[in-house]
Amino acid sequence: MRILKNGRSWLSIGLIFTLMLSCTLSIPSLATKTYANNTTYYVDSVGGSDSNSGLSDSSAWQSLAKVNATTFQPGDVILFKAGSVWSGQLHPLGSGTSGAPIVIDKYGSGGRPIINGNGLIGGTVYFYNQQYWEINNLEVTNSATAEGDRYGIKVEAHDVGTYNHFYIQNNYVHDVKGTNSDALKATGGILVLVTGTAVRSKWNDVRIDGNTVERVDRTGINNASSWGNNDNAGNFEPFTNLVISNNTLNDIGGDGIVMRSSINGLIQYNVVNAAHNRDTHYDVAIWAINSTNPVMQYNEAYNTKTTNDGHGFDCDFNLTGCTVQYNYSHDNEGGFLLIMGVGAIRNDNMVVRYNISQNDRTRTFQFSDSYTPLNAGIYNNTIYVGSGLTTNIVTGLAGSNPLSFKNNIVYNLGSGGYAVKGNDVYDYNIFYGNHPTSEPSDPHKLTSDPLLVTPGSGGTGRNTVDGYKLVAGSPAIGSGVLIGSNGGKDYWGNAVSSTGAPNRGAYNGAGIPVSNSSLTLQSDDFETGTATGWTASGGTWSVVTDGTKVYNQSNAAATGVTAYSGQSTWQNYTVSAKVKADAFDSTNYAGAGLVARRVDDNNYYVFMYYKLNNTLKIVKVSGGAATDLVTTPFSLNTGNWYDMKAVVNGSTLEFWVGGVKQLSTTDTSIGAGQAGLYSHRANAKFDDVKVAPIFGEDFEAGYAAGWTLAGGTWSVATDGTKVYNQSSTTSASAIAYAGQTSLQNYTVSAKVKADAFDSGNYAGVGLVARRVDSNNYYVFMYYKITNTLKITKVSGGVATDLISTAYSLNTGTWYDFKAVANGSTLELWVNGTKQLTTTDTAIASGQFGLYAHRANAKFDNVLQY
């Protein structure tokens, strides 16, 4: 798995295994005894006796020597008592048969039985030329002061032809002092191998599943073969039906999981954390070599150390059809994927698809110098590189074979670049964020924000990456190019069509709603029989029954009448209602609709149907004069209910009827005001009135759609209800932000709770407005060290307090925060009271956000309006 200049001889593995065999067999010389098959034996290190029959828990054997001296028969079961401890090597004899394997397991309650090698050389649990075994639920360790040729579980077949069925399941293998200078990369946790050169030999049906492997040197889990060189020289006798799955590996000296010498082998559902933790050579968390059609899928690899490789995954030498799919790679110091091969030492027909890489360092894709695999396809991956990282996206490309790189999302907030050959094919990718001069040309490239739900929010676990789904309206949805034999599903299991255009990136589902529409500024269905909170201006208004309770304006002669409610400071919102015109006056100079940004009776916007010319229109009433801004023909029938919605967002005004946007225009005359209902010479009824913010989020969906993170550790958590939690008390100026950079005048509000501050109390929580970038924004916050509320301007990375006031805030208590940015006016409200107001013109527009500075803080019910 290393570049050839490192001088590692990858062709000599089989010969070295054969030469080492005499040093590692360690076969006991005790006389053996054979028993009948299908027998269950019990072993108890404390209460047993080797003079017992071993045939019941009350007559259990005691020692490993007794077990090792026995040749077991097909169907036998060897049960070690839970909580017992043995020192030495476990090496039982015999083989099972097809359908009747020999099984090792535990009995009784308590922890796994422990087999402690106590520094012995060789395998603590060892099998030699034995097949049809299943090893379950043991704890295996083999620690020592000095390095040595040590293994937790070692299974060896030597010059035997085909051996079958060896399952190693649900064991805990830990603290094995192998050697980190081992050229074979073999010592360590679990090894299944073939040795010898006299008889073509292989393993069939090997399963290594559900094991936990920790603190072993050098390799966590691996297989190897003296017949394992996939070099077309006639010496390849691969493992068949090899599956390495559901294992958890932590703190591995060198490589995590290595699959050698296989055909159609599977490495799936494994987690490898902190591989390459002690070895100073070249190591990767999960990789394959000398194999045909190996598949690495549904794995997580993270925290792999050093840049001597140091990747999460690797398609290495002498591979055909290496597939890397549905994996989560993050925070690996060397990068996401190493891709080897040179000349005849090939790595052909490689497929890398539907993976997520988050904050992998140094290089995302590293190719071997002077080589690009034949038919190499990298498509529909999502790559996130956080701010401040220097990760190169592609490095090391050379040779004559073109690389195909399609449908990927590269969310690059770092400063790294690309190595691109003239014949490489980049197409239908999204390159967002920083754009180095080496960024490849791409005839269907997009550089717009892909609108990931919460980029950079992935944690530990394959199920923590919902932040890499796409928000509704994302330009990545349905805009990719069809790729044949695409696997049929995405990272989350959503179908990928074989005929239609896919999304770009690793997510192929429908867009996630950007905010939770259940959050409102105000709503009323009038079922109480009253219209509390509404003020009528003209007309005759009352609550009546029309199937359900509705709000009725019954005077068909009244002109320009409104019923209004809400706050005069509301700026950006939607007002929606069911509207029914029962009658218009006889002149037909009449209409019905909605009102937004009502300042007074002479200044507001109307979104209405107008009977005389059968049109929908948006009207500006300014200084008492009405001006039609935009109109469109529309047929409305009296006596029918219509769903109407008016949107005011910055200068944009929209009118929707029946779920369809009918009109859109812009106007800047009126910046804020109340919401209302409108009737002009019409008997009109209104129901289910809702005033909603442009953005509203209560996190009850379990994800944080539309948020981008800058520092901190953010996740949706449960605190009575779902909330957005920033859990680190050491992260400075951690911000989660959303919205558009063009936002100018708006209010952002949220429930805010500080659970803990750092010990120095130089900490705070609050809201952000007009965020341009990490160095330019306003903060509306509580600051712990001085027990103050303050409005702070961050400009060019320099923080300046604009205004402050004394305030006492208790940890563990929810507070209602509201920040207002309106022209030059900045206000901070807490629990419904305006605490601070000041003016500043330095930052005119930008996104809104949540703020935690060295504080574990929670946020809920976020509104922007």
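# Notebook: a first walk through the model

I began with burial, and 59% of the 865 residues in the protein are buried, where buried means under 20% relative accessible area, exposed over 50% and partly exposed in between (1.4 Å probe, protein chains only). I note that this is a predicted model, in which local features need pLDDT of at least 70, side-chain atom pairs count only at pLDDT 80 or more, and totals for chains, interfaces and linings use all residues. Residues are numbered from 1 along each chain as its sequence is written, and side-chain values use heavy atoms, with hydrogens and water left out.

**Entry 1: the whole protein.** I looked up the secondary structure and found two helices and 74 strands; helices (H or I, at least four residues) and strands (E, at least two) are DSSP runs, numbered from the N terminus. Along the principal axes, the C-alpha atoms fill a box of roughly 110 × 65 × 55 Å. I then turned to contacts, meaning heavy atoms within 4.5 Å. Of the contacts with a separation of 6 or more, 71% are between residues 24 or more positions apart.

**Entry 2: the disulfide.** How many disulfides does the structure hold? I found one, a disulfide being a pair of cysteine sulfur atoms within 2.5 Å. Cys315 and Cys322 are the partners, with 2.1 Å from S to S. Their link is left-handed, at -75° about the S-S bond. Both Cys315 and Cys322 are buried.

**Entry 3: aromatic rings.** I came upon 42 aromatic pairs in the structure. Rings of Phe, Tyr and Trp (its six-membered ring) pair if their centres lie within 6.5 Å; planes under 30 degrees apart count as stacked, over 60 as edge-to-face and the rest as tilted. One of the pairs is Tyr269 with Tyr298, stacked at 4.6 Å centre to centre with 10° between the planes. This pair links distant parts of the chain, 29 residues apart: Tyr269 sits in the loop between strand S23 (266–268) and strand S24 (271–273), and Tyr298 in the loop between strand S27 (295–297) and strand S28 (300–302). Tyr269 is partly exposed, as its relative accessible area is 41%, while Tyr298 is buried at 11%.

I also checked Trp541 and Tyr551, whose ring planes are at 45° with centres 5.1 Å apart, so the pair is tilted. Trp541 lies in strand S47 (residues 541–546) and Tyr551 in strand S48 (residues 548–553), so this pair ties together parts 10 residues apart in sequence. Trp541 and Tyr551 are both buried. Further along, I noted a cluster linked by ring pairs: Phe695, Phe699, Trp707, Trp714, Tyr724, Tyr746, Phe848 and Phe859.

**Entry 4: Tyr426.** I found Tyr426 in strand S43 (residues 425–427). Is Tyr426 buried or exposed? It counts as buried, because its relative accessibility is 3%. Leaving aside neighbours within four places in sequence, Tyr426 has contacts that include Val394, Leu403, Phe405 and Pro440. Lys445 is 19 residues from Tyr426 in sequence, and their C-alpha atoms are 8.4 Å apart.

**Entry 5: Pro101.** My last stop was Pro101, in the loop between strand S6 (93–94) and strand S7 (102–107). Pro101 is buried, because its relative accessible area is 17%. Leaving aside neighbours within four places in sequence, I found Pro101 in contact with residues including Gly75, Tyr132, Trp133 and His165. Tyr167 is 66 residues from Pro101 along the chain, with 9.6 Å between their C-alpha atoms.
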